[in-house]
Amino acid sequence: MDERIIKSLRDAKRVVVLTGAGVSAESGLPTFRDKQTGLWETFKAEDLATPSAFERDPALVWGWYESRRAAVRAAKPNAGHLAIAAMGDRVPRLTLITQNVDDLHERAGSRAVLHLHGELARPYCEACRRPYVFPDGIPQLPRGGARIEPPRCDTCGARIRPGVVWFGESLPGPTWAAAREAAKDCDVLICAGTSSLVYPAASLPEIAIAAGATTLQINPNPTDLDGSVSVAIRGPSGSVLPQLLAETWDVVSSSGGADYEAVRT
Ligand code: BJW
Ligand code: ZN
């Protein structure tokens, strides 16, 4: 593991961790740019995650989000989620910012997670914006998925929509402001499991770099950030993050060991 990152982490007062879909991949949840399955296999996720897709075919889109909600309920946090939560107990201030709409960080023990793109568990009325409370239980979907008509708002009768941020929509204002402040003020920023293609989330590492922070990217594949971070580690977050935790704070690692490489130091 890169000595510079270890020393920076040990000395850091403020750390930011920014995560994307890759961090939940080892929990069995597909990333965004993975192929869809079942009823949705002829669609790209990017085409389902838009206001116009919901407008055109609400049952197709609601059914997709229900199938994802069921998958999240059945999934468990992985070693990467757990390592981030453990890091939170070791640095004076850790701000966890995620683009993910699952709750695996919270279930791993992280608190006050900044969800830039909303949460699957928090749908709301598309007209009056009142939150909708799901009935108890996990949605039962046939193999391959199903079209499901979205429920209606108890108050105004309008359609309930997924509680996520689609392309062209604004991020939740206070959450975005807190994320931007944290990136501007941090000593170390770790960016894990994101393609860094979607803005404004992808500007957070750029903000930290411009402010002089030490930056680390963890991803098994190259991204456009490779050339600008202090260190890019090629490997799965479920192995690299526990290793980083172990080497920085002498914590016994539960991961199998080094299936990663530093590609830039
Ligand atoms: C592993 C791994 C392992 C695999 N370990 N790693 C032109 C027109 C319109 C808009 C724009 C435009 N140009 C720019 C914009 C703005 C637009 C944008 O960025 N577009 C780009 C695509 C060009 N952004 C927006 O629209 C945002 N809003 C906005 O800007 O508001 C102002 C505005 C208003 C009006 C008009 C224009 C602007 C909103 C963005 C919302 C994004 N929403 C989604 C869906 C959320 C709901 C849902 O989950 O369904 O968020 S899209 C999708 O992408 C999702 C993700 O959070 C996000 C990022 O994806 P992520 O997490 O990086 O996943 P992947 O799949 O891309 O990458 C996974 C990575 O993991 C890969 O690199 C793998 O290698 C890696 N990996 N296994 C570690 N084991
Ligand atoms: Zn309503």
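Buried means under 20% relative accessible area, exposed over 50% and partly exposed in between, with a 1.4 Å probe and protein chains only. This is a predicted model, in which local features need pLDDT of at least 70 and side-chain atom pairs count only at pLDDT 80 or more, while totals for chains, interfaces and linings use all residues. Residues are numbered from 1 along each chain, chains are lettered from A and ligands numbered from 1 as written, and side-chain values use heavy atoms, without hydrogens and water.

**Exercise 1. Find the residues that coordinate the zinc ion (ligand 2) and state the geometry of the site.**

Step 1. Donors are N, O and S atoms within 2.8 Å of the metal (3.2 Å for Na, K and Ca); water is not among the atoms, so sites may look incomplete. The SG atoms of C125, C128, C153 and C156 coordinate the zinc ion (ligand 2) at 2.2 to 2.4 Å.

Step 2. Four donors count as tetrahedral if all angles lie between 85 and 135 degrees. The angles here are 98 to 121°, and the site is tetrahedral.

Step 3. The donor residues follow the spacing C-x2-C-x24-C-x2-C. C128 and C153, 25 residues apart, are both in the loop between β4 (124-125) and β5 (160-161), and the pair links distant parts of the chain. Strands (E, at least two residues) and helices (H or I, at least four) are DSSP runs, numbered from the N terminus.

Step 4. C153 is buried because its relative accessible area is 8%; C128, at 28%, is partly exposed.

**Exercise 2. Classify the ring pair of Y65 and W166 and locate its members.**

Step 1. Rings of Phe, Tyr and Trp (its six-membered ring) pair if their centres lie within 6.5 Å; planes under 30 degrees apart count as stacked, over 60 as edge-to-face and the rest as tilted. By this rule there are five aromatic pairs.

Step 2. The ring centres of Y65 and W166 are 6.2 Å apart and the planes stand at 55°, so this pair is tilted.

Step 3. Y65 belongs to helix α5 (residues 58-74) and W166 to the loop between β5 and α8 (173-185), so the pair ties together parts 101 residues apart in sequence.

Step 4. Y65 is buried at 5% relative accessible area, and W166 is buried at 4%.

Step 5. Y65 and W166 form one aromatic cluster with F54 and W64.

**Exercise 3. Classify the ring pair of Y132 and F134.**

Step 1. The centres lie 5.6 Å apart with planes at 85°, so the pair is edge-to-face.

Step 2. F134 has 15% relative accessibility and therefore counts as buried.

Conventions:
Tetrahedral: all angles 85-135°; square planar, octahedral: opposite > 155°, others 65-115°.
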